[in-house]
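Good morning, and thank you for coming.

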Amino acid sequence: MTTITTDAKLVVLDAPSNLGLRPPAPGTVPGCYKAPWALRDAGLLGRLGAEDAGAVVPPRYVATWQPGDGVRNGPAIAAYAGRLAERITGLRDSGRFPVVLGGDCSILLGAAVALRRAGRYGVAYLDAHSDFRHLGNSPHVGAAAGEDLALATGRGDDYLTDIDGLRPYVREEDVMVLGLRDEEDLGDFAGTGIRSVRADEIGDDTVDEARKVLVRDELDGFWIHVDADVLDPSVLRAVDSPTPGGLDADRLARLLRGLLRLPGAAGLQLTVFDPDLDEDGSQAAVLVDILAAALTR
């Protein structure tokens, strides 16, 4: 089995943090922290022929929060980003291609810090939502999984956006967002350098559009973020905010395969899949099929 990314060996790293999500119901915690276990049980490592890099264990989730408290679990998210960045850096320095299993979207900060330490990297951001909430467009901040792209591009408190004095981890003009559905989300990027393509506009030429943003002389490479909610709920509904109008499994696999063939792909993360909403494991199997189709040949 060979990878279609680079000659780097695939390695799977668990990042089971749910720190960036609000509780789905009183007295509960978000179930996305179980996603790496579910995907492993569905045979992901074997399907990828990947090495096992273990896990970066997150701090304790604290459910209490109210408007004005700042980012929920914010200091814990910042600490976790630093530890995750170190692990990702070590894997990349050893010649591995990291496949990071979240967890929620706030794990992007770990990858972004790791890559910023190494140079200038872009992000291919596959998501149903903009994840661009900040005090410039909202009355308050809260769950970092809805703010991670804003944080990664330098919008927010210093302790989250300026780890090691590296703000911004990713420049606006180095971000390509793919898969949005809502006009309000698209409006979040007005006046920024961020490029986006709606889910219903993704086609055979989308990778060429992404190439213009992600493969440039100024960049050392790019990271791929995949929120499972980029898929249509008819394909996968086990996410915290399912949104109609998403991609089907084949279109997502083809899009990922195309991005992975571009020069400079530095790693990939999968987020927000919630096994608590996948009673029979069938949706975990769908995600494993997509990743296998994208990452191997």
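Let us begin with Asp 164, which is exposed, with a relative accessible area of 55%. A residue counts as exposed when that value is over 50%, so Asp 164 falls into this class. Please keep in mind throughout that the model before you is predicted.

What does the side chain of Asp 164 meet? It forms a salt bridge with the side chain of Arg 117, at 2.7 Å from N to O. This pair links distant parts of the chain: Asp 164 belongs to the loop between α6 and β5, Arg 117 belongs to helix α4, and 47 residues separate them. Arg 117 is partly exposed, its relative accessible area being 37%.

Why can such a pair form at all? Side chains of opposite charge can pair when their charged atoms come close.

How many salt bridges does the structure hold? The number is 19, and I shall describe some of them.

Arg 47 and Asp 289 meet through their side chains in a salt bridge of 2.9 Å, N to O. Here, too, distant parts of the chain are linked, since Arg 47 sits in helix α2, residues 44-48, and Asp 289 in helix α10, 242 residues apart. Both partners are partly exposed: Arg 47 has a relative accessible area of 36%, and Asp 289 has one of 42%.

Another salt bridge joins the side chains of Arg 254 and Asp 204, at 3.6 Å from N to O. Arg 254 lies in helix α9, residues 249-261, while Asp 204 lies in the loop between β6 (195-198) and α8 (206-214); the two are 50 residues apart, and the pair links distant parts of the chain.

From the charged pairs I turn to the backbone. Which peptide bonds are cis? One runs from Gly 102 to Gly 103, with omega near 15 degrees. Gly 103 is in the loop between β3 (96-102) and α4 (108-118). Another cis peptide bond joins Arg 167 and Pro 168, and its omega is about -10 degrees. Pro 168 is placed in the loop between α6 (158-161) and β5 (175-180), and that loop also holds Asp 164, with which we began.

Asp 131 is not a glycine, yet its phi is positive, at about 50 degrees. It is located in the loop between β4 and α5. Is Asp 131 buried or exposed? It counts as buried, at 7% relative accessibility. Val 272, likewise not a glycine, has a positive phi of about 70 degrees. This valine lies in the loop between β8 (265-271) and α10 (282-295), and it is buried, with a relative accessible area of 3%.

The loop between β4 (121-126) and α5 (148-152) also contains Ala 144. Ala 144 is buried, its relative accessible area being 1%. What is Ala 144 in contact with, once its neighbours within four places in sequence are left aside? The residues are Gly 20, Val 71, Ile 77, Ser 106 and Leu 151. As a further landmark, the C-alpha atoms of Ala 144 and Ala 15 are separated by 15 Å, and these residues are 129 apart along the chain.

Finally, let us consider the whole chain. The protein has ten helices and eight strands. Its radius of gyration is 17 Å, close to the 19 Å that the globule rule gives for 297 residues, so it is as compact as a globular protein of that length. Along its principal axes, the C-alpha trace spans about 50 × 45 × 40 Å.

Of the 297 residues, 57% count as buried. Among contacts with a separation of 6 or more, 74% come from residues 24 or more positions apart. The accessible surface comes to about 11,600 Å², and carbon and sulfur atoms account for 48% of it. As for charge, there are 30 positive and 46 negative side chains, and the centres of the two sets lie 4 Å apart.

That concludes my presentation. Thank you for your attention.

Conventions: Residues are numbered from 1 along each chain as its sequence is written. This is a predicted model: local features need pLDDT of at least 70, side-chain atom pairs count only at pLDDT 80 or more; totals for chains, interfaces and linings use all residues. Side-chain values use heavy atoms; hydrogens and water are left out. Helices (H or I, at least four residues) and strands (E, at least two) are DSSP runs, numbered from the N terminus. The radius of gyration is taken over C-alpha atoms; the globule rule is 2.2 Å times the number of residues to the power 0.38. Buried means under 20% relative accessible area, exposed over 50%, partly exposed in between (1.4 Å probe, protein chains only). Contact means heavy atoms within 4.5 Å. Accessible areas come from the Shrake-Rupley method with a 1.4 Å probe; for residues, only the protein chains shown count as cover. Lys and Arg count as positive and Asp and Glu as negative; His and the chain ends are not counted. The place of a charge is taken as NZ of Lys, CZ of Arg, CG of Asp or CD of Glu. A salt bridge is a side-chain nitrogen of Lys or Arg within 4 Å of a carboxyl oxygen of Asp or Glu.
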